[in-house]
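Hi,

Here is the structure I promised to pass on. Have a look at it first, and then read my notes below.

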Amino acid sequence: MADVAREVSVEELIENARKKFSDTFKRSPTVAGIAPGRVNIIGGHTDYNEGFVFPMALPLYTVVVGGPSDDVGRCRVVTLAAGADDPRDVEFSTPTSEQPLTRSDAPAWANYVKGVVANFHGNLVGFNAVVASSVPLGGGLSSSAALEVATYSFLEALTQSPAQSPREKALACQRAEHDFALMPCGIMDQFVCSMAEAGNILLIDCRDLSCELVPFTEDSLRVVVCNSNVRHTLSGSEYPARRADCFAAAKVLGKKSLREATMDDIQNHLASLTDVTIRRARHVVTEITRTQEAVAALKRRDYKTFGKLMTESHNSLRDEQEVSCPELDALVEAALGVPGVLGSRMTGGGFGGCTVTLVEAGSVDALLSRVKEQYSGQPTFYVAAPAGGAYTITF
(Lines give C-alpha, C1' and ligand atoms only; values in the text may rest on other atoms or scores of the structure.)
Protein backbone atom coordinates (compact mmCIF):
# COMPACT_ATOMS: atom_id res chain seq x y z
CA MET A 1 0.00 0.00 0.00
CA ALA A 2 2.12 2.81 -1.34
CA ASP A 3 -0.11 5.51 0.18
CA VAL A 4 0.44 4.33 3.74
CA ALA A 5 3.07 6.27 5.67
CA ARG A 6 6.29 4.33 6.11
CA GLU A 7 6.46 2.89 9.59
CA VAL A 8 9.64 4.17 11.21
CA SER A 9 10.83 1.61 13.71
CA VAL A 10 11.91 2.42 17.23
CA GLU A 11 15.33 1.08 16.32
CA GLU A 12 15.64 3.58 13.46
CA LEU A 13 14.52 6.48 15.66
CA ILE A 14 17.01 5.49 18.34
CA GLU A 15 19.82 5.16 15.83
CA ASN A 16 19.09 8.62 14.41
CA ALA A 17 19.00 10.10 17.90
CA ARG A 18 22.20 8.31 18.97
CA LYS A 19 24.05 9.63 15.93
CA LYS A 20 22.86 13.18 16.60
CA PHE A 21 23.81 12.82 20.26
CA SER A 22 27.31 11.59 19.42
CA ASP A 23 27.82 14.35 16.85
CA THR A 24 26.56 17.06 19.21
CA PHE A 25 27.96 15.98 22.56
CA LYS A 26 31.05 14.02 21.44
CA ARG A 27 30.19 10.99 23.53
CA SER A 28 27.80 8.05 23.51
CA PRO A 29 24.36 8.14 25.17
CA THR A 30 23.62 5.81 28.06
CA VAL A 31 19.83 5.47 28.22
CA ALA A 32 16.63 6.06 26.26
CA GLY A 33 12.96 6.53 27.12
CA ILE A 34 10.37 5.45 24.55
CA ALA A 35 6.63 6.19 24.43
CA PRO A 36 3.96 5.74 21.73
CA GLY A 37 1.43 8.06 20.20
CA ARG A 38 -2.22 7.13 20.43
CA VAL A 39 -5.56 7.25 18.63
CA ASN A 40 -8.81 7.51 20.55
CA ILE A 41 -11.25 5.05 18.98
CA ILE A 42 -14.30 6.53 20.70
CA GLY A 43 -14.97 8.86 23.63
CA GLY A 44 -14.31 12.39 22.39
CA HIS A 45 -14.21 15.28 24.88
CA THR A 46 -15.37 13.01 27.69
CA ASP A 47 -12.12 12.70 29.65
CA TYR A 48 -12.24 16.10 31.33
CA ASN A 49 -15.92 15.41 32.10
CA GLU A 50 -14.99 12.29 34.13
CA GLY A 51 -16.42 10.01 31.47
CA PHE A 52 -15.05 7.03 29.57
CA VAL A 53 -12.47 7.03 26.77
CA PHE A 54 -11.24 4.15 24.62
CA PRO A 55 -7.78 4.86 23.15
CA MET A 56 -5.16 2.56 21.73
CA ALA A 57 -1.43 3.11 21.44
CA LEU A 58 -0.06 3.40 17.91
CA PRO A 59 3.19 2.00 16.50
CA LEU A 60 4.38 5.60 16.20
CA TYR A 61 6.94 6.56 18.81
CA THR A 62 8.88 9.34 20.48
CA VAL A 63 12.31 8.49 21.85
CA VAL A 64 14.47 10.54 24.20
CA VAL A 65 18.10 9.42 24.06
CA GLY A 66 20.78 10.85 26.31
CA GLY A 67 23.08 10.74 29.27
CA PRO A 68 24.44 12.77 32.19
CA SER A 69 26.01 16.16 31.59
CA ASP A 70 29.43 17.22 32.90
CA ASP A 71 27.60 20.21 34.40
CA VAL A 72 25.27 18.80 37.06
CA GLY A 73 23.25 22.02 37.06
CA ARG A 74 22.53 22.25 33.32
CA CYS A 75 20.31 20.40 30.87
CA ARG A 76 20.52 20.59 27.10
CA VAL A 77 17.95 19.04 24.76
CA VAL A 78 17.99 18.86 20.96
CA THR A 79 14.98 17.76 18.90
CA LEU A 80 14.91 16.08 15.50
CA ALA A 81 11.09 15.96 15.41
CA ALA A 82 9.65 17.15 12.10
CA GLY A 83 7.55 20.27 12.54
CA ALA A 84 9.01 21.31 15.89
CA ASP A 85 9.40 25.06 16.24
CA ASP A 86 12.75 26.82 16.50
CA PRO A 87 15.08 26.86 18.24
CA ARG A 88 15.60 23.11 18.16
CA ASP A 89 18.39 23.19 20.74
CA VAL A 90 17.57 24.47 24.24
CA GLU A 91 19.38 24.73 27.57
CA PHE A 92 18.01 25.25 31.06
CA SER A 93 19.07 24.78 34.67
CA THR A 94 18.01 21.84 36.78
CA PRO A 95 15.31 23.10 39.13
CA THR A 96 15.88 23.79 42.79
CA SER A 97 13.58 24.98 45.56
CA GLU A 98 15.18 28.41 45.28
CA GLN A 99 15.08 28.48 41.47
CA PRO A 100 12.22 26.36 40.08
CA LEU A 101 11.85 25.87 36.36
CA THR A 102 9.57 28.25 34.50
CA ARG A 103 7.93 27.97 31.10
CA SER A 104 8.99 30.00 28.09
CA ASP A 105 7.06 31.22 25.08
CA ALA A 106 9.40 29.60 22.59
CA PRO A 107 10.13 27.00 21.57
CA ALA A 108 6.78 25.42 22.41
CA TRP A 109 8.11 21.84 22.34
CA ALA A 110 10.61 22.57 25.12
CA ASN A 111 7.83 23.34 27.60
CA TYR A 112 6.71 19.71 27.53
CA VAL A 113 10.23 18.59 28.42
CA LYS A 114 10.70 21.28 31.07
CA GLY A 115 7.31 20.51 32.58
CA VAL A 116 8.26 16.87 33.03
CA VAL A 117 11.61 17.80 34.55
CA ALA A 118 9.80 20.11 36.99
CA ASN A 119 7.40 17.31 37.98
CA PHE A 120 9.89 14.45 38.14
CA HIS A 121 9.87 12.50 41.39
CA GLY A 122 13.54 11.51 41.56
CA ASN A 123 16.82 13.27 42.28
CA LEU A 124 17.65 15.13 39.11
CA VAL A 125 21.06 15.58 37.58
CA GLY A 126 22.14 17.67 34.63
CA PHE A 127 21.69 15.84 31.35
CA ASN A 128 22.05 16.04 27.59
CA ALA A 129 19.37 14.51 25.37
CA VAL A 130 18.14 14.19 21.79
CA VAL A 131 14.48 13.73 20.87
CA ALA A 132 13.36 11.85 17.75
CA SER A 133 9.77 11.05 16.85
CA SER A 134 7.53 9.46 14.24
CA VAL A 135 4.36 10.82 15.90
CA PRO A 136 3.13 13.67 13.66
CA LEU A 137 2.98 17.00 15.48
CA GLY A 138 -0.44 18.65 15.53
CA GLY A 139 -2.17 15.57 14.15
CA GLY A 140 -4.27 14.71 17.19
CA LEU A 141 -2.24 11.54 17.83
CA SER A 142 -0.82 12.80 21.12
CA SER A 143 2.67 13.84 20.16
CA SER A 144 2.74 15.94 23.34
CA ALA A 145 1.94 13.07 25.71
CA ALA A 146 4.38 10.80 23.87
CA LEU A 147 7.13 13.39 24.43
CA GLU A 148 6.16 13.84 28.09
CA VAL A 149 6.03 10.12 28.91
CA ALA A 150 9.21 9.38 26.94
CA THR A 151 10.99 12.18 28.81
CA TYR A 152 9.78 10.94 32.19
CA SER A 153 10.87 7.38 31.33
CA PHE A 154 14.26 8.70 30.20
CA LEU A 155 14.72 10.51 33.52
CA GLU A 156 13.84 7.35 35.46
CA ALA A 157 16.49 5.41 33.59
CA LEU A 158 19.03 8.23 33.80
CA THR A 159 18.72 8.71 37.55
CA GLN A 160 18.09 5.03 38.30
CA SER A 161 15.20 6.20 40.45
CA PRO A 162 12.64 3.64 41.61
CA ALA A 163 10.15 3.49 38.74
CA GLN A 164 6.86 5.24 39.31
CA SER A 165 3.70 3.29 38.66
CA PRO A 166 2.32 3.96 35.16
CA ARG A 167 -0.55 5.80 36.85
CA GLU A 168 1.71 8.16 38.83
CA LYS A 169 3.92 8.74 35.80
CA ALA A 170 0.85 9.67 33.74
CA LEU A 171 -0.41 12.07 36.41
CA ALA A 172 2.98 13.79 36.63
CA CYS A 173 3.04 14.22 32.86
CA GLN A 174 -0.49 15.62 32.89
CA ARG A 175 0.62 18.22 35.45
CA ALA A 176 3.52 19.08 33.16
CA GLU A 177 1.13 19.82 30.32
CA HIS A 178 -1.20 21.86 32.52
CA ASP A 179 1.55 23.94 34.11
CA PHE A 180 4.04 24.41 31.29
CA ALA A 181 2.17 23.92 28.00
CA LEU A 182 -0.89 25.61 29.54
CA MET A 183 -3.19 23.02 28.00
CA PRO A 184 -5.88 21.80 30.45
CA CYS A 185 -5.94 18.28 29.01
CA GLY A 186 -7.65 15.28 30.53
CA ILE A 187 -5.76 12.19 31.61
CA MET A 188 -6.40 9.98 28.57
CA ASP A 189 -3.27 10.63 26.53
CA GLN A 190 -0.72 10.22 29.31
CA PHE A 191 -2.51 7.13 30.65
CA VAL A 192 -2.54 5.22 27.38
CA CYS A 193 1.04 6.23 26.52
CA SER A 194 2.10 4.81 29.89
CA MET A 195 -0.23 1.81 30.30
CA ALA A 196 -0.98 0.39 26.86
CA GLU A 197 -0.30 -3.23 26.02
CA ALA A 198 0.07 -4.62 22.52
CA GLY A 199 -3.09 -6.23 21.15
CA ASN A 200 -5.38 -4.29 23.48
CA ILE A 201 -7.41 -1.08 23.50
CA LEU A 202 -7.49 0.67 26.87
CA LEU A 203 -10.83 1.58 28.46
CA ILE A 204 -10.25 4.38 30.96
CA ASP A 205 -12.78 5.55 33.52
CA CYS A 206 -11.72 9.16 33.94
CA ARG A 207 -13.65 9.53 37.20
CA ASP A 208 -11.81 6.96 39.30
CA LEU A 209 -8.86 6.46 36.89
CA SER A 210 -9.45 2.73 36.66
CA CYS A 211 -8.46 0.99 33.42
CA GLU A 212 -9.38 -2.17 31.56
CA LEU A 213 -7.43 -3.75 28.72
CA VAL A 214 -9.86 -4.94 26.05
CA PRO A 215 -8.34 -7.36 23.51
CA PHE A 216 -8.56 -6.41 19.84
CA THR A 217 -6.76 -8.86 17.59
CA GLU A 218 -9.36 -9.41 14.86
CA ASP A 219 -7.41 -10.33 11.71
CA SER A 220 -10.31 -9.51 9.41
CA LEU A 221 -10.41 -5.84 10.48
CA ARG A 222 -8.05 -2.90 10.30
CA VAL A 223 -7.85 0.44 12.08
CA VAL A 224 -6.92 3.15 9.57
CA VAL A 225 -5.84 6.56 10.80
CA CYS A 226 -6.00 9.34 8.22
CA ASN A 227 -4.17 12.58 8.93
CA SER A 228 -5.87 15.51 7.23
CA ASN A 229 -2.58 17.42 7.54
CA VAL A 230 -4.47 20.55 8.51
CA ARG A 231 -4.51 22.29 11.86
CA HIS A 232 -6.69 25.34 12.27
CA THR A 233 -5.33 28.12 14.48
CA LEU A 234 -8.41 28.18 16.69
CA SER A 235 -7.61 24.70 18.04
CA GLY A 236 -5.48 26.16 20.84
CA SER A 237 -8.24 28.42 22.15
CA GLU A 238 -11.33 26.35 21.43
CA TYR A 239 -10.35 23.27 23.43
CA PRO A 240 -10.25 25.23 26.73
CA ALA A 241 -13.49 26.93 25.66
CA ARG A 242 -15.24 23.57 25.23
CA ARG A 243 -13.97 22.49 28.62
CA ALA A 244 -15.35 25.68 30.19
CA ASP A 245 -18.71 25.16 28.45
CA CYS A 246 -18.98 21.66 29.89
CA PHE A 247 -18.07 22.79 33.40
CA ALA A 248 -20.64 25.58 33.16
CA ALA A 249 -23.32 23.09 32.12
CA ALA A 250 -22.46 20.75 35.01
CA LYS A 251 -22.72 23.65 37.46
CA VAL A 252 -26.19 24.61 36.21
CA LEU A 253 -27.27 20.97 36.49
CA GLY A 254 -25.95 20.80 40.04
CA LYS A 255 -23.51 18.01 39.17
CA LYS A 256 -19.86 17.53 40.04
CA SER A 257 -19.28 16.72 36.38
CA LEU A 258 -21.31 15.82 33.32
CA ARG A 259 -20.53 12.17 34.09
CA GLU A 260 -23.31 12.45 36.69
CA ALA A 261 -25.83 14.01 34.29
CA THR A 262 -28.63 12.40 32.26
CA MET A 263 -30.63 13.54 29.28
CA ASP A 264 -33.56 14.08 31.66
CA ASP A 265 -31.41 16.45 33.73
CA ILE A 266 -30.68 18.48 30.62
CA GLN A 267 -34.32 18.53 29.59
CA ASN A 268 -35.37 19.70 33.06
CA HIS A 269 -32.91 22.62 32.99
CA LEU A 270 -33.41 23.93 29.46
CA ALA A 271 -34.50 27.33 30.73
CA SER A 272 -31.29 27.74 32.75
CA LEU A 273 -28.86 26.54 30.07
CA THR A 274 -27.72 28.45 27.01
CA ASP A 275 -28.05 26.97 23.54
CA VAL A 276 -24.30 26.31 23.59
CA THR A 277 -24.21 24.57 26.98
CA ILE A 278 -27.24 22.46 26.02
CA ARG A 279 -25.35 21.13 22.99
CA ARG A 280 -22.15 20.54 24.96
CA ALA A 281 -24.00 18.66 27.68
CA ARG A 282 -25.95 16.56 25.17
CA HIS A 283 -22.74 15.54 23.46
CA VAL A 284 -20.98 14.50 26.64
CA VAL A 285 -23.92 12.57 28.10
CA THR A 286 -24.58 10.67 24.86
CA GLU A 287 -20.88 10.13 24.15
CA ILE A 288 -20.31 8.52 27.55
CA THR A 289 -23.15 6.11 26.81
CA ARG A 290 -21.86 5.46 23.27
CA THR A 291 -18.41 4.62 24.59
CA GLN A 292 -19.77 2.09 27.07
CA GLU A 293 -21.98 0.54 24.40
CA ALA A 294 -19.08 0.40 21.95
CA VAL A 295 -16.86 -1.48 24.40
CA ALA A 296 -19.66 -3.94 25.10
CA ALA A 297 -20.13 -4.44 21.34
CA LEU A 298 -16.40 -5.05 20.85
CA LYS A 299 -16.34 -7.64 23.61
CA ARG A 300 -19.15 -9.59 21.92
CA ARG A 301 -17.46 -9.11 18.51
CA ASP A 302 -20.37 -7.07 17.18
CA TYR A 303 -18.21 -4.92 14.94
CA LYS A 304 -21.13 -3.55 12.94
CA THR A 305 -22.59 -1.94 16.05
CA PHE A 306 -19.16 -0.76 17.13
CA GLY A 307 -18.64 1.00 13.80
CA LYS A 308 -22.11 2.55 13.88
CA LEU A 309 -21.36 4.06 17.28
CA MET A 310 -18.08 5.49 15.98
CA THR A 311 -19.96 7.30 13.21
CA GLU A 312 -22.60 8.56 15.64
CA SER A 313 -19.75 9.89 17.78
CA HIS A 314 -18.43 11.90 14.85
CA ASN A 315 -21.84 13.37 14.13
CA SER A 316 -22.19 14.49 17.73
CA LEU A 317 -18.68 15.95 17.85
CA ARG A 318 -19.52 17.85 14.67
CA ASP A 319 -23.00 19.11 15.58
CA GLU A 320 -23.12 19.27 19.38
CA GLN A 321 -19.55 19.76 20.54
CA GLU A 322 -18.68 21.65 17.35
CA VAL A 323 -15.06 20.58 17.20
CA SER A 324 -14.91 19.16 13.69
CA CYS A 325 -13.99 21.06 10.52
CA PRO A 326 -14.71 20.70 6.80
CA GLU A 327 -11.59 18.63 6.19
CA LEU A 328 -12.44 16.06 8.88
CA ASP A 329 -16.06 15.90 7.74
CA ALA A 330 -14.92 15.28 4.17
CA LEU A 331 -12.61 12.45 5.26
CA VAL A 332 -15.38 10.77 7.25
CA GLU A 333 -17.89 11.15 4.42
CA ALA A 334 -15.46 9.67 1.90
CA ALA A 335 -14.69 6.73 4.17
CA LEU A 336 -18.33 5.91 4.83
CA GLY A 337 -18.96 5.63 1.10
CA VAL A 338 -16.65 2.60 0.84
CA PRO A 339 -18.15 -0.90 1.13
CA GLY A 340 -16.47 -2.66 4.02
CA VAL A 341 -16.09 0.46 6.15
CA LEU A 342 -17.92 -0.12 9.45
CA GLY A 343 -17.47 3.30 11.02
CA SER A 344 -15.41 6.48 10.93
CA ARG A 345 -14.95 9.53 13.14
CA MET A 346 -12.67 12.44 13.88
CA THR A 347 -10.25 11.81 16.71
CA GLY A 348 -8.32 14.10 19.02
CA GLY A 349 -9.25 17.58 20.17
CA GLY A 350 -10.61 18.64 16.79
CA PHE A 351 -10.30 21.50 14.28
CA GLY A 352 -7.98 19.42 12.13
CA GLY A 353 -5.79 16.41 12.72
CA CYS A 354 -6.97 12.88 12.08
CA THR A 355 -9.88 10.56 11.54
CA VAL A 356 -9.99 6.93 12.61
CA THR A 357 -11.83 4.32 10.56
CA LEU A 358 -12.74 0.69 11.27
CA VAL A 359 -12.64 -1.22 7.99
CA GLU A 360 -12.60 -4.79 6.73
CA ALA A 361 -9.07 -5.82 5.79
CA GLY A 362 -9.98 -6.45 2.17
CA SER A 363 -11.35 -2.92 1.77
CA VAL A 364 -8.31 -0.94 2.93
CA ASP A 365 -7.04 -0.24 -0.59
CA ALA A 366 -10.50 0.89 -1.70
CA LEU A 367 -10.69 3.17 1.33
CA LEU A 368 -7.35 4.80 0.57
CA SER A 369 -8.24 5.26 -3.08
CA ARG A 370 -11.64 6.79 -2.31
CA VAL A 371 -10.24 9.24 0.21
CA LYS A 372 -7.43 10.32 -2.12
CA GLU A 373 -9.95 10.82 -4.91
CA GLN A 374 -12.45 12.85 -2.89
CA TYR A 375 -10.30 14.76 -0.41
CA SER A 376 -8.89 18.02 -1.71
CA GLY A 377 -5.87 17.97 0.59
CA GLN A 378 -2.87 15.66 0.95
CA PRO A 379 -3.79 12.96 3.48
CA THR A 380 -1.38 10.64 5.24
CA PHE A 381 -2.53 7.14 6.18
CA TYR A 382 -1.50 4.81 8.98
CA VAL A 383 -2.79 1.23 9.18
CA ALA A 384 -2.30 0.26 12.79
CA ALA A 385 -2.70 -2.49 15.34
CA PRO A 386 -2.72 -1.74 19.10
CA ALA A 387 0.85 -1.17 20.30
CA GLY A 388 2.47 -1.30 23.73
CA GLY A 389 3.21 1.54 26.15
CA ALA A 390 6.32 3.26 27.45
CA TYR A 391 9.61 1.55 28.26
CA THR A 392 13.31 2.28 28.68
CA ILE A 393 16.59 1.05 27.20
CA THR A 394 20.08 1.11 28.68
CA PHE A 395 22.94 1.11 26.18
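This is a predicted model: local features need pLDDT of at least 70, side-chain atom pairs count only at pLDDT 80 or more; totals for chains, interfaces and linings use all residues.

What follows is what I found, going from the whole chain to single residues.

Residues are numbered from 1 along each chain as its sequence is written, and side-chain values use heavy atoms, with hydrogens and water left out.

The protein chain has 11 helices and 12 strands (DSSP runs numbered from the N terminus: H or I of at least four residues for helices, E of at least two for strands). Its radius of gyration is 21 Å, close to the 21 Å that the globule rule gives for 395 residues, so the chain is as compact as a globular protein of that length (taken over C-alpha atoms; the rule is 2.2 Å times the number of residues to the power 0.38). Along the principal axes, the C-alpha atoms fill a box of roughly 60 × 50 × 35 Å.

Of the 395 residues, 57% count as buried (under 20% relative accessible area; exposed is over 50%, partly exposed in between, with a 1.4 Å probe and protein chains only). Among contacts between residues at least 6 apart in sequence, 72% join residues at least 24 apart (contact means heavy atoms within 4.5 Å).

Now for helix α10, residues 326-336. Its buried residues are E327, L328, L331, V332, A334 and A335. They cover an arc of only 165 degrees around the axis, which puts them on the same side of α10 (the arc is that of the directions from the helix axis to the C-beta atoms). The cover over these residues includes β8 (221-231), α9 (303-319), β9 (341-347), β10 (352-360) and α11 (364-374). On the face turned away from the buried side, you will find the exposed residues P326 and E333.

Q190 sits in helix α5 (residues 188-195) and counts as buried, at 0% relative accessibility. Beyond its neighbours within four places in sequence, Q190 is in contact with A145, E148, V149, A170, C173, Q174, E177 and C185. R6, in the segment before α1 (10-25), is exposed, with a relative accessible area of 57%.

Cheers
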